[in-house]
2 protein chains.
Amino acid sequence: MKERIMETSILLFAKKGFKETSIQDIADELNVTKGTFYYYFKSKEEVLLDIHRSYIEHLVENQETILRADELSCAEKLYEMIFKLIYDIKKEGLRAKVFFREMRHLSDNHLLSIVPKRDQFKMNLQDLIEAGIKAGEFRGDLPADIVTLGILGITNWSYFWFQPSGERSSQEVAAIFYNMLVDGLQLKGE
Amino acid sequence: MKERIMETSILLFAKKGFKETSIQDIADELNVTKGTFYYYFKSKEEVLLDIHRSYIEHLVENQETILRADELSCAEKLYEMIFKLIYDIKKEGLRAKVFFREMRHLSDNHLLSIVPKRDQFKMNLQDLIEAGIKAGEFRGDLPADIVTLGILGITNWSYFWFQPSGERSSQEVAAIFYNMLVDGLQLKGE
C-alpha cells in the first residue's frame with residue numbers, strides 16, 4: 001500500500017501540483033480512507049520527501065554502477081551517465097517532473113536530508129571528470145566543478161523538452177550531447 | 001505605479017511563491033489600496049504574464065543585438081549569448097527566478113501569448129548554430145535543434161546554481177562553457 005500511495009501521489013502531484021492536491025484526493029483516488037494514508041505517512045510533505053529520496057537514490061545508484069564498470073574509459077562512462085539520465089525521462093517521467101517542479105515545497109528540514117544525496121550525485125559526475133583529466137582523456141584547463149554543472153544543465157534541462165515518443169530516441173539524443181561535449185562544436189580541419 | 005507593482009510582485013513571488021501571494025499582500029507592501037492595483041492590472045495572473053513577457057522580450061532583444069553585430073564570427077556571437085544569459089542572473093536574478101519557477105501558474109491563454117516569444121528565443125540561437133555550420137565554423141554532423149537545447153540547458157540551469165557573489169565572475173563561467181562547447185572536453189594531441 002505504501003508504494004501505491006506514492007505512485008498515486010506522483011500522478012496527482014504531476015497533474016494538479018503538490019499544493020493543490022489534498023490527502024483526501026489521494027485517498028479518494030485509491031478508494032481508501034484518510035486513516036489508511038496516515039498509517040503509512042505522517043503528512044503529504046512526507047510523501048513528497050519519499051518521492052524525492054527514492055528518485056535521487058535511484059540516480060546515484062545508476063551512476064555508481066557506471067563508475068564501477070572498470071572496462072569502460074572515462075569518456076565511455078560519461079556517455080553512459082548522459083544516456084541513463086535521458087533514458088530515465090522515458091521510464092520515470094512523472095517522478096522526474098514532481099522531483100524538479102515540487103522541490104521547493106519540501107520543508108527546510110526535509111530538504112536538509114536530501115541535500116547530501118544531491119551533492120553526492122553532483123560529486124560522482126565531478127569525480128568522473130577529474131578522473132578523465134588525470135587519465136589524460138579530458139583537458140585539464142577547464143575547472144571540473146563548472147564543467148560538471150554544465151553537463152548537469154544539459155541533462156536536467158532535457159526533462160523539460162525531451163519527448164520519449166518523439167522522433168529521436170534516448171540513444172540518439174545522448175550521442176549528440178556526448179559528441180558536442182567531448183569533441184566540441186568546432187569544425188576540425190582535415 | 002505600474003512598474004512599482006511589477007517590481008513588488010517580483011519580490012513577493014520570489015520570496016513566498018505566486019500562489020501564496022495575494023493582491024492584498026502586494027497592495028500592503030506598496031502602501032496602496034487594492035483599488036490602485038486593479039486600476040493597473042485585472043488580476044494577479046496578469047502581473048505574472050507581464051513579468052514573463054517583459055523578461056523574455058528582454059532576452060530576445062539582447063540576442064538580436066548580438067546577431068546583428070556583423071563584425072563578430074558565429075563562435076564569438078555564441079560566446080556573447082552565453083555571457084549575456086549568465087550576466088543577466090546577476091542583473092535580473094529575482095525576475096529570472098519568478099520566470100522559471102512560476103511559469104506553470106500562467107493560464108493556458110496567457111501561456112499561448114508567451115510561447116511564440118520563447119520559440120523565437122530558441123530559434124535565434126538555433127539560427128546562429130545553423131549560420132555557424134554554413135560558414136564552416138561549426139561541424140555539420142550534429143543536429144542544430146538538439147545542440148540548441150543542450151546550450152539552453154547549460155545557460156538555463158545556471159539560474160539554479162550561479163551565485164553572482166561567488167568566486168567566479170559571469171565572464172569566467174561563460175568562457176568555461178564556451179570553451180567546453182566549442183573545443184570540447186577531449187584532450188587534444190600536441
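This is a predicted model: local features need pLDDT of at least 70, side-chain atom pairs count only at pLDDT 80 or more; totals for chains, interfaces and linings use all residues.
Good morning, colleagues. Let me begin with the overall architecture of chain A. Chain A contains 9 helices and 0 strands, and its pattern along the sequence reads α-α-α-α-α-α-α-α-α. The C-alpha atoms occupy a box of roughly 70 × 35 × 30 Å along the principal axes. Of the 190 residues in chain A, 51% are buried. Among contacts in chain A with a separation of 6 or more, 72% join residues 24 or more positions apart.

Now the surface and the charges. Chain A exposes about 9,000 Å², and carbon and sulfur atoms contribute 50% of that area. There are 25 positive and 30 negative side chains in chain A, with the centres of the two sets 6 Å apart.

I turn next to the relation between the chains. Chain B is superposed on chain A by a rotation of 180° with 0.0 Å of shift along the axis, and the RMSD is 0.0 Å. This is the relation of a two-fold axis. Which residue of chain B comes closest to the rotation axis? The answer is Gly184(B), whose C-alpha atom lies 1.8 Å from the axis. As for the interface, 100% of the interface residues of chain B are also interface residues in chain A, so the copies meet through the same surface.

Let us look at two helices, starting with α1 of chain A. The buried residues of α1(A) include Ile5(A), Met6(A), Ile10(A), Leu12(A) and Phe13(A). Thr8(A) and Ser9(A) are also buried. Their cover includes α2 (23–30), α3 (34–40), α4 (44–67) and α6 (93–101) of chain A. After the helix comes Gly17(A), which has a positive phi, near 95°.

Among the buried residues of α5(B) are Cys74(B), Leu78(B), Tyr79(B), Met81(B) and Phe83(B). Lys77(B) and Asp88(B) are buried as well. The cover over the buried residues of α5(B) includes α4 (44–67), α6, α7, α8 (144–157) and α9 (170–183) of chain B.

Finally, two residues in loops. Phe162(A) sits in the loop between α8 (144–157) and α9 (170–183) of chain A. Is Phe162(A) buried or exposed? Its relative accessibility is 6%, and buried means under 20%, so Phe162(A) counts as buried. Leaving aside residues up to four places away in sequence, Phe162(A) touches Ile86(A), Ile89(A), Arg168(A), Ser169(A), Ser170(A) and Val173(A). The C-alpha atom of Phe162(A) is 29 Å from that of His110(A), a residue 52 residues apart from it along the chain.

His105(B) lies in the loop between α6 (93–101) and α7 (108–134) of chain B. With a relative accessible area of 11%, His105(B) is also buried. Which residues does His105(B) touch, not counting those up to four places away in sequence? They are Glu20(A) and Arg104(A) from chain A, together with Phe18(B), Lys19(B), Glu45(B) and Leu48(B) from chain B.

Thank you for your attention.

Note on methods. Residues are numbered from 1 along each chain as its sequence is written. Chains are lettered from A and ligands numbered from 1 in the order in which they are written. Side-chain values use heavy atoms; hydrogens and water are left out. Buried means under 20% relative accessible area, exposed over 50%, partly exposed in between (1.4 Å probe, protein chains only). Helices (H or I, at least four residues) and strands (E, at least two) are DSSP runs, numbered from the N terminus. Contact means heavy atoms within 4.5 Å. Copies are superposed by least squares on the C-alpha atoms of residues with pLDDT of at least 70 in both. Accessible areas come from the Shrake-Rupley method with a 1.4 Å probe; for residues, only the protein chains shown count as cover. Lys and Arg count as positive and Asp and Glu as negative; His and the chain ends are not counted. The place of a charge is taken as NZ of Lys, CZ of Arg, CG of Asp or CD of Glu.
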